[in-house]
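Me: I am new to this structure and would like to go through it piece by piece. Could you show it first?

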Amino acid sequence: YAAVCCSIHNLTLSLWGEGVGTKWTTGDYTRSEEFADVIGVDLAQERVVGVVWYGYADYGDAGLDGIPDRPRKLSVQDIHTVLP
């Protein structure tokens with residue numbers, strides 16, 4: 001389970017690096033028979049860890065250039081320490 005969670009986290013970071021937004025969600029519906037039937041999962045043998053929603057934000061004509069830059073709270077120089 002933990003390895004899958006790490007993989008999903010890496011996937012979402014990789015997608016964000018390409019400008020794709022994600023949302024990883026879990027909930028009761030991922031364990032329901034109806035959901036299992038839709039995605040073809042046998043709940044007696046498999047477990048759904050979560051669902052990843054993905055897509056691009058609509059910034060109109062600006063496209064991905066419309067995404068505001070977020071300044072880092074701290075720079076590398078602020079936290080970098082050289083040890084003797």
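Reply: Aspartate 28 is found in the loop between E1 and H2; helices (H or I, at least four residues) and strands (E, at least two) are DSSP runs, numbered from the N terminus. This is a predicted model, in which local features need pLDDT of at least 70, side-chain atom pairs count only at pLDDT 80 or more, and totals for chains, interfaces and linings use all residues. Residues are numbered from 1 along each chain as its sequence is written, and side-chain values use heavy atoms, with hydrogens and water left out.

Me: Is aspartate 28 buried or exposed?

Reply: Aspartate 28 counts as exposed because its relative accessible area is 63%. Buried means under 20% relative accessible area, exposed over 50%, and partly exposed in between (1.4 Å probe, protein chains only).

Me: Which side chain does aspartate 28 meet in a salt bridge?

Reply: The partner is arginine 31, with 3.1 Å from N to O. A salt bridge here is a side-chain nitrogen of Lys or Arg within 4 Å of a carboxyl oxygen of Asp or Glu. Side chains of opposite charge can pair when their charged atoms come close.

Me: How many salt bridges does the rule give?

Reply: The count comes to one salt bridge.

Me: How far is aspartate 28 from tryptophan 53?

Reply: They are 25 residues apart in sequence, and 16 Å separates their C-alpha atoms.

Me: Changing topic, which residues form the negative surface patch?

Reply: The patch is formed by Glu33, Glu34, Asp37, Asp42 and Glu46. Patches are made of residues with over 30% relative accessible area and no salt bridge, where like charges are joined within 9 Å and nonpolar side chains (Val, Leu, Ile, Met, Phe, Trp, Tyr) within 5 Å. Lys and Arg count as positive and Asp and Glu as negative, while His and the chain ends are not counted. The place of a charge is taken as NZ of Lys, CZ of Arg, CG of Asp or CD of Glu. Accessible areas come from the Shrake-Rupley method with a 1.4 Å probe, and for residues only the protein chains shown count as cover.

Me: Where is glutamate 33, and why does it count as exposed?

Reply: Glutamate 33 is in helix H2, residues 33-39. It counts as exposed because its relative accessibility is 54%.

Me: What about threonine 25: buried or exposed?

Reply: Threonine 25 is buried, since its relative accessible area is 15%. This residue belongs to strand E1, residues 21-25. Leaving aside residues up to four places away in sequence, threonine 25 touches Gly50, Val51 and Trp53, where contact means heavy atoms within 4.5 Å.

Me: And where does tyrosine 1 lie?

Reply: Tyrosine 1 lies in the segment before helix H1 (2-17). It is exposed, with a relative accessible area of 56%. With residues up to four places away in sequence not counted, tyrosine 1 touches Arg47 and Val49.

Me: Which helix holds serine 14?

Reply: Serine 14 is in helix H1 and is partly exposed, at 46% relative accessible area. Leucine 11 is also found in helix H1, and at 43% relative accessibility leucine 11 counts as partly exposed.
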